[in-house]
Amino acid sequence: MNIYKIGDIMFKYLKDLKQFIKLNDPSFKGNFEFLLYPGVKAIIYYHISRFFYLRGFYYISRRIMEHAKRKTGIEIHPGAVIGKNLFIDHGFGVVIGETCVIGDNVVIFQGVTLGSTLKENTFKRHPNIGSNVIIGSGAKVLGNVTIGSNVKIGANSVVIDNIESNSTVVGIKAKVVKKN
């Protein structure tokens, strides 16, 4: 794959991400402003880091993400699998673990943890997040759980069980309060 092909792919990715952010961020003002968002910067670093991670250059990969964490306040493990249009709004304090899988068109607010619990002794320790999910500020989604598509997770909720698609959950321990 040549450098021009990579550039075309990244340009299309950023163009699609800009449109998604425009739909989901009422404070969006201009075409290039989104490049200043810490979440966008973290995603760009993630894709560069993931390139090296998939080729076995783990130290370089983790080094890139350590730099990104210091610059953005967002920690994404390069082993995580992230779909298109992940929007991390006001991302400071967001943590995404190594075996996390995130679908398309997901919105994550500040202070969210997609992490592990101490009881997992297997390789898969982090959550699977479906597509079109919104995760509110400070929410924690812990362990090898599956969050279906079209789910809304309320601010400061703690999710430790699977959540069916088309649900809204809130609380500590999160409970379904609305099912569409």
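Colleague: Leaving aside its neighbours within four places in sequence, which residues is K124 in contact with?

Modeller: Bear in mind as we go that this is a predicted model. With those sequence neighbours set aside, K124 is in contact with T99, C100, V101 and N144.

Colleague: And where does K124 sit?

Modeller: K124 is placed in the loop between β7 (113-115) and β8 (128-129).

Colleague: What does the side chain of K124 make a polar contact with?

Modeller: The side chain of K124 makes a polar contact with the side chain of N128, at 2.9 Å, and a polar atom of the K124 side chain also lies 2.7 Å from the backbone oxygen of H126.

Colleague: Changing topic, which residues touch the most other members in the largest nonpolar core?

Modeller: That core has 43 residues, and I76, I96, L114 and I147 are the ones that touch the most other members. As for where the core comes from, α1 (3-24), α2 (38-53), α3, β3 (86-88) and β6 each supply at least two residues, with the largest share, five residues, coming from α1.

Colleague: Take I96, then; what does I96 touch, not counting residues up to four places away in sequence?

Modeller: On that count, I96 touches E75, I76, H77, A80, L86, I102, I108 and L114; I76 and L114 in that list are also among the core residues that touch the most other members.

Colleague: You mentioned α3, so is Y59 in that helix buried or exposed?

Modeller: Y59, which lies in helix α3 (residues 58-72), is exposed, because its relative accessible area of 64% is over the 50% cut-off. Y59 and S49 are ten residues apart in sequence, and their C-alpha atoms are 9.8 Å apart in space.

Colleague: Now the backbone: which value is phi of N150 near?

Modeller: Phi of N150 is near 60°, which is a positive value in a residue other than glycine.

Colleague: What about phi of N105?

Modeller: Phi of N105 is also positive, near 55°, again in a residue other than glycine, and N105 has its place in the loop between β5 (101-102) and β6 (106-108).

Colleague: Last one: is the peptide bond from I172 to K173 cis or trans?

Modeller: The bond from I172 to K173 is cis, with omega near -20°, and K173 lies in the loop between β14 (167-170) and β15 (175-179).

How values were computed
Residues numbered from 1 in each chain as written. Predicted model: local features only at pLDDT ≥ 70, side-chain atom pairs only at ≥ 80, totals over all residues. Heavy atoms only, no water. Helix = DSSP H or I, 4+ residues; strand = E, 2+ residues; numbered from the N terminus. Buried < 20%, exposed > 50% of the residue type's maximum accessible area, 1.4 Å probe, protein only. Core = buried A, V, L, I, M, F, W, Y, C linked by side-chain atoms within 4.5 Å. Contact = heavy atoms within 4.5 Å. Polar contact = N/O pair within 3.5 Å; in protein donor to acceptor, adjacent residues only side chain to side chain.
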